[in-house]
Amino acid sequence: MKRRIQLLPDHVANQIAAGEVVQRPASVVKELIENAVDANAQHINLLVKDAGKTLVQVIDDGDGMTDTDARLSLERHATSKISKAEDLFKIHTKGFRGEALASIAAIAHLEMKSKTDDSDIGVQINVEGSEVSQQIPTVTPTGTSIAVKNLFFNIPARRNFLKSDSVELKHIIDEFQRVALAHPDISFKMIHNGNELFNLPQSNLRQRIVGIMGSKSNEKLVPVNEDTDLIKIRGFIGKPEFAKRSRGEQFFFVNNRFIKNNYLNHAITMAYEGLLKDKTHPSYFLYLEIDSERIDINIHPTKTEIKFDDQHAIYSILQSAIKHSLGQFNIAPSLDFEK
Ligand code: ADP
Ligand code: MG
């Protein structure tokens, strides 16, 4: 007999959405830290146990939530960041889909504590697989703490699919570094199984890069600064002699959001033409600012891919900005490298 159409219950819809938003513990790290940034936190602490398989917890000193908002934040499509379709074309926050917390709560045990500045008492909410098991007043500092335990407890296939702790931890560190590099003005700490892996005070960009990449990176950084009507570019590139065999030190941010874009990566690499040894890749930490109406960040749930109005123009501006910086610091192709 033909089945009739029925609307899926919310917890099932949430579980399906979770499949897109949450691939691994690192996805939880990204979503929670980005929420803390959006909430204007000055200090963000990340606690991780067993590469996130047992615990991912983010504690921030941001705006916090009232008890009503805290409860609502766990619903799907519940967001304080946009309210109408036009807003999609001018997004200034990391989040806007209102899906992350609902998705995470559908596939893990989530404990949230939050308090706003104008309230004396905060709220604690516990959720297990979309079911709220507890909501009580609690004493907690202004800001929000969200602990995510037993990720994928109700999706054994996903849980079994997770890689070794060292691989999952690497993914978490990647996400942590991306947000930390995008926001040098916020202090970040990361603790894994009781060991402090990062302790990054509020600083300027150069200090933040050095804090993450190590003190040796200081001497290899060349500043990039370019202002045009279409875009602003700032940041640092690595001197060619420090180019690496891996692409691990390539960071590209658009309006403070880490993104991947092969086309623009090509523009950067080509600017180094004749300067690099075979099979090496330059380091870069580049920040592009562009009118948010000229980009579309809504093409992928994790938002690491975006679409530009005018890719070709950006390609040329980026390339010439980098050539200019390399030239200014007297880094020109040497005869040895000429073909
Ligand atoms: P989005 O970030 O796309 O809005 P989320 O599911 O990540 O969706 O969060 C839902 C809402 O919960 C946010 O819009 C915000 O209002 C609130 N929220 C989430 N995390 C925090 C936090 N750390 N501090 C304050 N508010 C938060
Ligand atoms: Mg969010």
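This is a predicted model: local features need pLDDT of at least 70, side-chain atom pairs count only at pLDDT 80 or more; totals for chains, interfaces and linings use all residues.
Local features need pLDDT of at least 70, side-chain atom pairs count only at pLDDT 80 or more, and totals for chains, interfaces and linings use all residues. Residues are numbered from 1 along each chain as its sequence is written, while chains are lettered from A and ligands numbered from 1 in the order in which they are written.

The protein chain is divided into domain 1 (10–200) and domain 2 (215–337), with bounds from an automatic or database domain assignment. Their centres, taken over C-alpha atoms, are separated by 30 Å. In domain 1, 12 residues are in contact with 11 residues of domain 2 (C-beta atoms, placed from the backbone, within 7 Å). On the domain 1 side, α1 (10–21) and α6 each supply at least two residues. Helix α6 gives the most, with 3 residues. Helices are DSSP runs of H or I, at least four residues, numbered from the N terminus. By class, this side has 6 nonpolar, 2 polar and 4 charged residues (nonpolar: Ala, Val, Leu, Ile, Met, Phe, Trp, Tyr, Cys and Pro; charged: Asp, Glu, Lys and Arg; polar: the others, Gly among them).

Helix α6 (residues 165–182) also packs with helix α2 (residues 25–38). The angle is about 20 degrees, and the axes lie 8 Å apart (lines fitted to C-alpha atoms over the stretch in contact; angles run from 0 to 180 degrees between N-to-C directions). That makes α2 roughly parallel to α6, a term for angles under 35 degrees. From α2, P25, A26, V29, K30, I33, E34 and V37 meet E168, H171, I172, D174, E175, F176 and V179 of α6. The residues of this contact divide into 8 nonpolar, 1 polar and 5 charged.

Terms used
Angles under 35 degrees count as roughly parallel, over 145 as roughly antiparallel, 65 to 115 as roughly perpendicular and the rest as oblique. Two residues are in contact if their C-beta atoms, placed from the backbone, lie within 7 Å.
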